[in-house]
Amino acid sequence: MNRTSTPVVLGVDLGTTSTKVVAFDAAGRERAAAGAGYALREPAPGHVELGAEDVLSAALRATRDAAARARAAGCTVAGVSFSSAMHSLVGVGAGGELLTQVITWADTRATEEAEELRPTDLGRALHRATGTPVHPMSPLVKLVHLQRHEPELFAAARRWVQVKDLLVRRLTGTWVTDRSTASATGLLDLATGDWSGQALRVAGVSPVQLPPVAPVTGLVGTLTPAAAAELDLPERTPVFAGGADGPLANLGVGAVVPGTAALSIGTSGALRVAARAPRVDAEGRTFCYSLTDDLWVVGGATTNGGVVLRWLAENLVPDLTFVAGELGDVPEEPLLDLAAQVPAGAEGLLVLPHLLSERAPQWSALTSGVVVGLQRRHGRRHVVRAALEGVCQQLALVADSVEHAGSEITEIRATGGFARSALWRQVLADVLGRPLSFAAGGQEGSSFGAALVGHHALGNLDMLEASRREVRIGEVVEPGADAAVHARLRPVFAALTTALAPTFRALREFTADGAAHPEPDPRPATEPEPELDED
């Protein structure tokens, strides 16, 4: 290592539609960054996948570019660490061949299995033991579905892994996963930190079919000669396990003490608060995932965030697509300008923005988008405003559930693409009825969290202490007078999902029998976008 160069760790964040790689030094300063995108695809209704090789190629390209830019900035890459979107699943054959593509968190093909299992004593026991809600996003439920509907593929799989495991294998030659990412599979026992025998029996897999579990800060290997050449990095560069993007986002924004919550809106959204011990809501409304061996995050994820803006842009305001914003690759500013023309409450219009079904706090994949209160006076600007407010109301329901489950929220630190919009920041603060804090410089939470893990493992810092020390708050958005409007509408919004449950179920049955299935769309379900998904 050049004695005059600054050591950096590359935080590689594998998102749902892009990989972003950021080089951070031990003082928390961003020294270089690069990214590359890929397309979500929907080969059949409810099937939402990524091409495994597309993700790996993009991740390798972005890592190589970030490393080159770091060197150009006078830095030396001291290690590589990872963050990854949760709940993915990939089947691998005996010869290492990929039997499936990357089945993502947004995939709902296992809805029937989730709806059968969740209300049972077994379903509730699995949630308590693993911290992962019984929902189609869960790899456990995905495995139950594959065992039932694709038995030959299921029997041929030698291993079941997640997308980050594929990348670590490509770089180091080793199959391994981290405890944080594993804790979101529905297969890991929160109490023991190892694979749950009960969950594995339900999923129909054995421990040898899953990767060994390493600590988040664990050294999982070094770059192989082939990987080093591909990345233009020295052979034997250390590779650290890293973790799941949601828990690492807490680390990246300094939300690592009880009471301080991290809120993120990218393609999807989430709110999480740190806990000193595993804590599972008796009513099943929240998740509990591992951050470190003695720190967990409790919260809930919403499926519909920036993806709602994209849908609105494509379907309601196609005339505004002359501007391409980063959030979902849509005309962000013109779209939000429309919303700004309408007062809080959208003149009595409510939108359940469940375009990709929904997760917390109801955890039912049967839900779909709904417009309620539509009258002749309403126009597209009202729908845009109500949809934006609906995304925020869903996150407010998550915050309420977290507190009802016993975790106090004293501060909310927000991150994600939505933070670029002053309107969206204010609407979210108003809907939550709480101040929102934003880190100075708009740091990307998950990639910074991954880099802190790497520096911690190298002995450069204590990651929890550095997280608390290095994150500076640059702006606080206070709720305004409109908060009262949203508080009045919240119980109305909350009641809609429950009231419409029979309708959602009937529509699911209608589409399941083939009556409403169109021909598969050969286009990507969404084009590449640079936003992060932090569950």
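**Salt bridges**

I started with Glu347, which is partly exposed at 34% relative accessibility. This is a predicted model, so I'm reading its side-chain contacts with the pLDDT cut-off of 80 or more in mind. Which residue does Glu347 meet in a salt bridge? I found Arg377, at 3.6 Å from N to O. Glu347 sits in the loop between helix 12 (332–340) and strand 19 (350–352), and Arg377 in the loop between strand 20 (370–372) and helix 13 (380–404), so the pair ties together parts that are 30 residues apart in sequence. Arg377 is partly exposed too, with a relative accessible area of 46%.

I then ran the search over the whole structure and got 25 salt bridges. Another of them is Arg413 with Glu411, where the closest N and O atoms are 3.1 Å apart. Here I checked cover on both sides: Arg413 counts as buried at 14% relative accessibility, while Glu411 counts as partly exposed at 23%. The cut-off that separates them is 20% relative accessible area, since buried means under that value.

I also noted a network of salt bridges that links Glu112, Glu113, Glu116 and Arg148.

**Arg425 and its neighbours**

Next I looked up Arg425. Its side chain meets that of Glu475 in a salt bridge, 3.6 Å from N to O. Glu475 is in strand 23 (residues 473–477) and Arg425 in helix 14 (residues 422–432), so this pair ties together parts that are 50 residues apart in sequence. Arg425 is buried, with a relative accessible area of 15%, whereas Glu475 is partly exposed at 34%.

What else does Arg425 lie over? I see the face of Phe438, with 5.9 Å to the ring centre. Phe438 itself belongs to an aromatic cluster with Phe418 and Trp424.

**Aromatic pairs**

How many aromatic pairs are there? I count five. One I wrote down is Phe24 with Phe448, a tilted pair at 4.8 Å centre to centre with 50 degrees between the planes. Phe24 lies in strand 2 (residues 18–25) and Phe448 in helix 15 (residues 445–457), so the pair ties together parts that are 424 residues apart in sequence. Both Phe24 and Phe448 are buried.

**Cysteines**

I looked for disulfides and the count came to zero. I checked the cover of two cysteines while I was there. Cys288 is buried, with a relative accessible area of 0%, and Cys392 is buried at 0% as well.

**Helix 10**

Is helix 10 (residues 245–252) mostly covered or mostly open? I get mostly covered, with eight of its eight residues buried. Among the buried ones are Asp245 and Asn250, along with Pro247 and Leu251. After helix 10 comes Gly254, which has a positive phi near 80 degrees.

**Surface patch**

Which residues make the nonpolar surface patch of about 240 Å²? I traced the patch to Trp311, Leu355 and Leu356. Trp311 is in helix 11 (residues 306–315) and counts as partly exposed at 38% relative accessibility.

I kept the backbone for last. Most residues other than glycine have a negative phi, and most peptide bonds are trans, so I went after the exceptions.

His87 is one: its phi is positive, near 70 degrees. His87 is placed in the loop between strand 6 (75–84) and strand 7 (90–92), and counts as buried at 1% relative accessibility.

Asp232 is another, with a positive phi near 55 degrees. I found Asp232 in the loop between helix 9 (225–231) and strand 13 (238–240). Buried or partly exposed, I asked of Asp232? Asp232 counts as partly exposed, at 41% relative accessibility.

Where is the cis peptide bond? I located a cis bond joining Ala360 and Pro361, with omega about -5 degrees. Pro361 falls in the loop between strand 19 and strand 20.

Note on methods
Residues numbered from 1 in each chain as written. Heavy atoms only, no water. Patch = residues over 30% accessible without salt bridge, like charges linked within 9 Å, V, L, I, M, F, W, Y side chains within 5 Å. Areas by Shrake-Rupley, 256 points an atom, 1.4 Å probe, with all protein chains shown as cover. Salt bridge = Lys/Arg side-chain N within 4 Å of Asp/Glu carboxyl O. Helix = DSSP H or I, 4+ residues; strand = E, 2+ residues; numbered from the N terminus. Buried < 20%, exposed > 50% of the residue type's maximum accessible area, 1.4 Å probe, protein only. Disulfide = S-S within 2.5 Å. Phe/Tyr/Trp six-rings, centres within 6.5 Å; stacked < 30°, edge-to-face > 60°. Lys NZ or Arg CZ within 6 Å of the ring centre and 35° of its normal.
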